[in-house]
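The report below takes up a pocket, a ligand site and a helix in turn.

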Amino acid sequence: MESYRLLEETCHMALELLGCDLAWLLAVEGEQLHSRALVSAKSSSAADVFLWQLHGKAAQHSSFPLNVNTNLLAYLLLSDELRLNLPISELRYLPDGVRFMRAFGQLRHNYIHILPLYESGTPLGLLVLATDTFADAAHWQQAHFIEVLTAYARTSLQNVRLAISIAAREAQMRADRDFLKRVLDTMGDSLLVLDEEAHIRYVNNRLLLMSGYAREELYGNSVGMLFPAEARETIVRNLQRGGRGTLSFSQQLITRFGRAVPVLMSRATTYSDGVEHTILVLSDLTEQKLREQALERQSERLRILNQAVQALGAAFEQKDVIALLLSAARNVAECQHVQLFLSVPDQADLFEVITEQDLQEPERNTSFVCLEQAAVEQATRQRHSWLEEQASTGHLNLLTLPLTVADHLIGVLEVQAHSESHFSRDEVEFLENLAAAAAAALERASLYQSLKQRANALQQAYDELREAERLKDNLLQSLSHELKTPLHKIIMQLQILDDEMYGSLNDDQHHSLRAALRWSAQLASIVDEIVIVQALSAEDLHFAAIDLERLASQAIRKVRMLAGELQLEITVRLSPHLPPVRGDERHLLTVIEQLLDNAIKFSPEGAQIELSAQQDSADTVVVCVRDHGIGIPTDQLERIFERGYQVEGGITRRFGGVGLGLAMVRRIVEAHNGRVWAESALGEGSAFYVQLPIWT
Ligand code: ADP
């Protein structure tokens, strides 16, 4: 070590100044006394011989324990006594002195001189001098040689000590620095040390890895070179300003090859050598960004899936379901190709192949395949999806999803990922959910389709029926109109004959004529009914204030004979002070007559029939015809007002009927702006109500 040379110089100085034969300097280091310089005036090898003699082996720098009891030098140092001209023969009386006596004797030194070296009471070392002859110690002291030498030796030792401690500190610092560097190089974040100008002074290995630059390409350059051009100036200005903390959560580092790496940027400021340095830490956010993106993608997929499932739930057309399924499958998974094999009804292994392109065509381009029976069976049996490897790339990227409804295979969805990628577990799960929703929607669409077909067929039948009805109505209307005039003419002619206007008739002729008149009148009344039912409207009526009392007695008069034949009693109960109603007398008479007629027809002999009327509101009067006849089933109370409707069941009709009477009643009442309804209990009788507006 360089500083030990100083100690050697001290020894040389002792030899020259004092004329000694040997100078030996030892330094206290820890609990040891180390031999640091040994110079002999006799020969260069003398020192080696001396040490050899002492230790019994070659030792460049020997050391001795700092123990007064076991070591001579320790004893001499710690007794802190300047000893001059100590005869070596006396050494034998001192601890461990014999071997020293021998060693000095070997070099023919007879006297030794001991200079303990202390600094503020602390032992620094020991200078041992030896002479062959008795020295002029008094002269040494007078000339202050001992004093000077002691001071010099002490300073030298202190210097050495200092040098040693500095070296040790330096070594420690170097070790610390190496350690720090290793830490910095192995840390996960990139680190840069910048000077006041934001020039790069140091970077760790991680930054080199991240940026792709070599150290020498970075050192001395502005840190701006690592950032995008547009952000460069601001970043450099901020860094020059100093400070600490996070600079930016979303900065980009541009690598040597132009790739942008997302980084989190934080910094700290340090001072060294009076210069402010900025430590810039860049944490690579690529992983985090990827995770964020994956999360975003995941929630986006969930959103698409959710939307698709909802839309599938609302779709009823097969075409819509398929379009939704194919587009959602494409969006949910990163895929290259999606196609659906849709089972053809009643064809065991025949499937229609549908791709997204097919759906874009105005007319669906249909192509069919026969899936192998084995594949169909596998799809049916294996109710969940399966992945297959693509032979060329070895990636698991062909996903087959059976669409089943209650053990019945209705289709197979095939999704192919991009050739270089493969499906993640999430993607498979999403697609499975989608397939399940689509299977249900397809099933519903096919049910809907068949329902629609049935509804269409029904509608068609109904339309045809309505058309037939319309034709029949037209025919009936024109027929009845055509019949009406000639019929009335026939009746008129028959009446003229019966009135003997063309000559007298005998009884038989009268009898026959009257029968013809009766039948003709009956026919005319049916024709009248038909005309009314088919075509009566308010315009055909002649409205006047009708007194119900008068109307009731007219009606009774008309049916009295018939009722009398059947011993039926008709009672009339009209509330006093009944206001007149607004009506056409002839037609209202027809209404009451018809209701009384029905009551007579459906009553047993001897029963009672009641005709009543009362005011039921401020502006209406209600007329009621009640009988105690066979009654009408409740569910048919409405239908009896339809044309031609007659209650089923073996009713023994006393009089025929064509089912037009009540239809005519309703038509007339409604033309009066009134209302008609019936109440009845089977076997107990019926009541028919006619509500009419009061004449105002
Ligand atoms: P019809 O000429 O057949 O009597 P209507 O239109 O007058 O035709 O009556 C329709 C059907 O309503 C009848 O066939 C009968 O079944 C039922 N009906 C009408 N009035 C009564 C009543 N007073 N009692 C029981 N059934 C009645």
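## The second largest pocket

α11 (318-332), β12 (335-343), β17 (408-417) and α14 (425-498) each contribute at least two residues to the lining of the second largest pocket, and α14 gives the most, with 5 residues. Helices (H or I, at least four residues) and strands (E, at least two) are DSSP runs, numbered from the N terminus. The model is predicted, with local features requiring pLDDT of at least 70 and side-chain atom pairs pLDDT 80 or more, while totals for chains, interfaces and linings use all residues. Residues are numbered from 1 along each chain as its sequence is written, and side-chain values use heavy atoms, with hydrogens and water left out.

The lining comprises 17 residues, of which Q318, L342, S343, P345 and S446 lie nearest the centre of the pocket.

## The ligand site

The ligand is surrounded by 22 residues, the closest being N598, K601, D627, Q646 and L662; a residue counts here if one of its heavy atoms lies within 4 Å of the ligand. An oxygen atom of the ligand is 2.7 Å from a polar backbone atom of L662, while a ligand oxygen lies 3.2 Å from a polar backbone atom of G659 and one lies 3.2 Å from a polar backbone atom of G661.

## Helix α9

In helix α9 (residues 229-241), the buried residues are A231, I235, V236 and L239. Seen down the axis of α9, these fall within an arc of 130 degrees, so they line one face of the helix, the arc being that of the directions from the helix axis to the C-beta atoms. The face turned away from the buried side carries the exposed residues E230, E233 and R241 (buried means under 20% relative accessible area, exposed over 50%, partly exposed in between, with a 1.4 Å probe and protein chains only).

Definitions and conventions: 1 Å grid on protein atoms, 1.4 Å probe; cavity = no way out; pocket = protein on both sides within 12 Å on 5 of 7 lines; lining within 4 Å. Polar contact = N/O pair within 3.5 Å; in protein donor to acceptor, adjacent residues only side chain to side chain.
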